[in-house]
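Work through the exercises below with the model open. Each task is followed by its solution.

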Amino acid sequence: MDKIKAKKKYGQNFLKDDTVLSMIIQSMPNNNNHIVEIGPGLGDLTKNLVKCKDVTAYEVDTDLFAILKTKFAIPIDSGSLTLIHADVLESWTKQKSLHNSKYDLIANLPYYIATNIILRAFEDEACEHIIVMVQKEVAEKFSANEGDKEFSALGVISKLCSIESKILFDVPPESFDPPPKVTSSILYIKKDMSKTMDKNFNSFLKACFQQPRKKLSKNVSSIVPKETISSLFEELEISDNIRPHELSASLYSQIYTKAIIDGR
Ligand code: SAM
């Protein structure tokens, strides 16, 4: 490893496994999209990505950014690389999209903000594929199906806004330096580009899953009047006893539209 101490506060676990690196590259969609990488770190994944396509990479750490600038000073590969020194979440606050044309997000994400990043990528209309290394537990939530015990707000969003969402493979802690405390997975999402995610929908879902093992009707009552819930559940033929993980994504969307958007 280059002479740099990994910073915990930035979730730095550098991927040091060539087999995993090449498996990530092989999972890249065959299209002309630009690539956005979040957290290039020491540039190992970046080097492989730029061999295939044009890449824009966002790195927050000043020390790593300086190393990357030197490492990639001389263009050696076919694609171009644009390095941006920024906190990617701040960039997403300043601009709606991380790139001005269609892109695929490919990254070994910093785990402390991985969920937030994926949710932002769902909101970003230019982003088509999300292929990211995350904590296995997070990957399971985004790829869960209705009825699975892992089905949560993240699964609902994923089901409604993507064509495909699956775990490609798991990656053990030994593949990183330093090793994280958890198993990781590569999550693959192909977004449904005809759908846009409404920011408030996530807050609504958070309330629905606030107490995941309690009845959904009880959770929803924190934001929707009880009478409205009763009449909506009757209209949509939803049992009053249903638990949050048992309801389909499409019914969540219908409740949200009727109760929150239409203000019934
Ligand atoms: N891509 C490298 C690899 O695979 O070895 C590093 C991955 S490491 C898990 C996460 C990277 O994200 C680190 O380089 C870290 O500095 C960077 N990072 C953390 N927070 C960030 C943020 N808010 N914006 C951009 N980069 C961030």
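**Exercise 1.** What percentage of the contacts in the chain with a separation of 6 or more is accounted for by residues 24 or more positions apart?

Solution. The model is predicted: local features need pLDDT of at least 70, side-chain atom pairs count only at pLDDT 80 or more, and totals for chains, interfaces and linings use all residues. Residues are numbered from 1 along each chain as its sequence is written. Take two residues as in contact if their C-beta atoms, placed from the backbone, lie within 7 Å. Residues 24 or more positions apart then account for 68% of the contacts with a separation of 6 or more.

**Exercise 2.** Describe how helix H7 and helix H11 cross.

Solution. Helices are DSSP runs of H or I, at least four residues, numbered from the N terminus. The axes of H7 (residues 153–161) and H11 (residues 249–261) come within 9 Å and cross at roughly 95°. Angles of 65 to 115 degrees count as roughly perpendicular, so H7 and H11 are roughly perpendicular to each other. Val 156, Lys 159 and Leu 160 of H7 meet Ala 249, Tyr 252 and Ser 253 of H11 in the contact.

Technical notes: Axes are lines fitted to C-alpha atoms, for helices over the stretch in contact, and angles run from 0 to 180 degrees between N-to-C directions. Helices (H or I, at least four residues) and strands (E, at least two) are DSSP runs, numbered from the N terminus. Angles under 35 degrees count as roughly parallel, over 145 as roughly antiparallel, 65 to 115 as roughly perpendicular and the rest as oblique.
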